[in-house]
Amino acid sequence: MKRVALAAALVVLATVPLWVSGTFYVNIASQILLYAIFALGVNVLAGYAGLVSLGHAGLFGIAAYTGGKILANGHGHVTGDAAALAVTVVAAAVFAVLALRGTGLGFVMITVALGQIVWGVAYRWISLTNGDNGISITGRPSPFGLSLASPRSFYWATFVVFLVAILSMAIFVESPFGASVRGTRDQPRRMNALGYHVWMIRFVAFLFSGFWSGVAGLLYLYYNQFVSPQAVALTASAEALLMVISGGTGTLLGPIVGAALVVVIKNVASAYIERWNFVLGAIFVVIVVFMPEGLVPGVARVARRVRVVFRPDTRVAIAATGEESGR
């Protein structure tokens, strides 16, 4: 049933431009996919490694700014993309070396500081980043001669990258390295005692997380054909973390559901509700109160309880218990 549901979900996602009318909602679907990739990257640390980061928008923005700067200077898309991802991974290594000096609240505060440094550079170093005016690019790449200028073609390209991200995350989760990352989350001292290098495992996980955050940053750049300091603000990091927590940390589907929730509220519901921030906050509070594990694990838990209640042998047992109590 899980495989059938997964196949059905992929078919629905792959055909979105065919049954969704209007370019607006196709663009919304593209945003959901690119932010889902970003949330999956954040989930590597927050969900599997147990390290809550509030600075990942810095890595997201570094990729977008690097790619935008290189493209604006007249270089090709391959050069710009490769350089952007390389710079992002190096930046992630620097972030990791500094942030992994602390754990818990200390790790959170260091990532906040690093993210704010990136935001300050983007906002104040006008000769490099153009400040509030940001960096604009003209045109999108044409892989294998296929133009990505239209919303539909860009959606399908984003969907392909999304599939690669999901596959890599699934391999990561099922691999021995993924198990060791979860071990450093649950029992770091025991992992140390067993001979595992906890710091190095977390460092590599940080690089993996940073890489996919950079991929999402490039997609953001190509989607908007523009990047500004808003992309690296603290609110962007908070939104990504909100996607992970609301959907369900430590799951593959959770960040995707969380990204869909945040993007729809932010871009669709905001057209009808002026205080959409309040609505998003209220939804998050409800999720934390009634489904603290997140939407995906919470719905799965409720579904299991419903199946148990309505299972034939369960109903017979309940009826027999009622008869005995009546006697």
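Visitor: Is phenylalanine 144 buried or exposed?
Guide: In this predicted model, local features need pLDDT of at least 70, side-chain atom pairs count only at pLDDT 80 or more, and totals for chains, interfaces and linings use all residues. Residues are numbered from 1 along each chain as its sequence is written, and side-chain values use heavy atoms, with hydrogens and water left out. Buried means under 20% relative accessible area, exposed over 50%, and partly exposed in between (1.4 Å probe, protein chains only). Because phenylalanine 144 has a relative accessible area of 84%, this residue is exposed.

Visitor: Where does phenylalanine 144 lie?
Guide: Phenylalanine 144 is not a glycine, yet it has a positive phi of about 55 degrees. Helices (H or I, at least four residues) and strands (E, at least two) are DSSP runs, numbered from the N terminus. In these terms, phenylalanine 144 lies in the loop between strand E1 (135-136) and H8.

Visitor: What is the relative accessible area of glutamine 225?
Guide: Glutamine 225 is in the loop between helix H11 (198-224) and strand E2 (226-227). Its phi is near 55 degrees, a positive value in a residue other than glycine. Glutamine 225 counts as partly exposed because its relative accessible area is 27%.

Visitor: Which residues does alanine 165 contact, leaving aside neighbours within four places in sequence?
Guide: Alanine 165 belongs to helix H8 (residues 151-174), and it counts as buried because its relative accessibility is 1%. Its C-alpha atom is separated by 8.9 Å from that of glycine 41, 124 residues apart along the chain. With contact meaning heavy atoms within 4.5 Å, and those neighbours left aside, alanine 165 is in contact with Ile37 and Trp212.

Visitor: Which backbone nitrogen lies 3.0 Å from a polar atom of the side chain of threonine 251?
Guide: Threonine 251 sits in the loop between helix H12 (234-247) and helix H13 (254-267). It is buried because its relative accessible area is 18%. Not counting residues up to four places away in sequence, threonine 251 touches Asn43, Tyr48 and Pro297. The backbone nitrogen in question is that of glycine 254.

Visitor: What is the radius of gyration of the protein chain?
Guide: The protein chain has 16 helices and two strands, and 44% of its 327 residues count as buried. The radius of gyration is taken over C-alpha atoms, and the globule rule is 2.2 Å times the number of residues to the power 0.38. For 327 residues, a compact globule would have a value near 20 Å, which agrees with the radius of gyration of the protein chain, 22 Å.

Note on methods:
A polar contact is a pair of N or O atoms within 3.5 Å; within protein, one must be able to donate a hydrogen and the other to accept it, and residues adjacent in sequence count only if both atoms are side-chain atoms.
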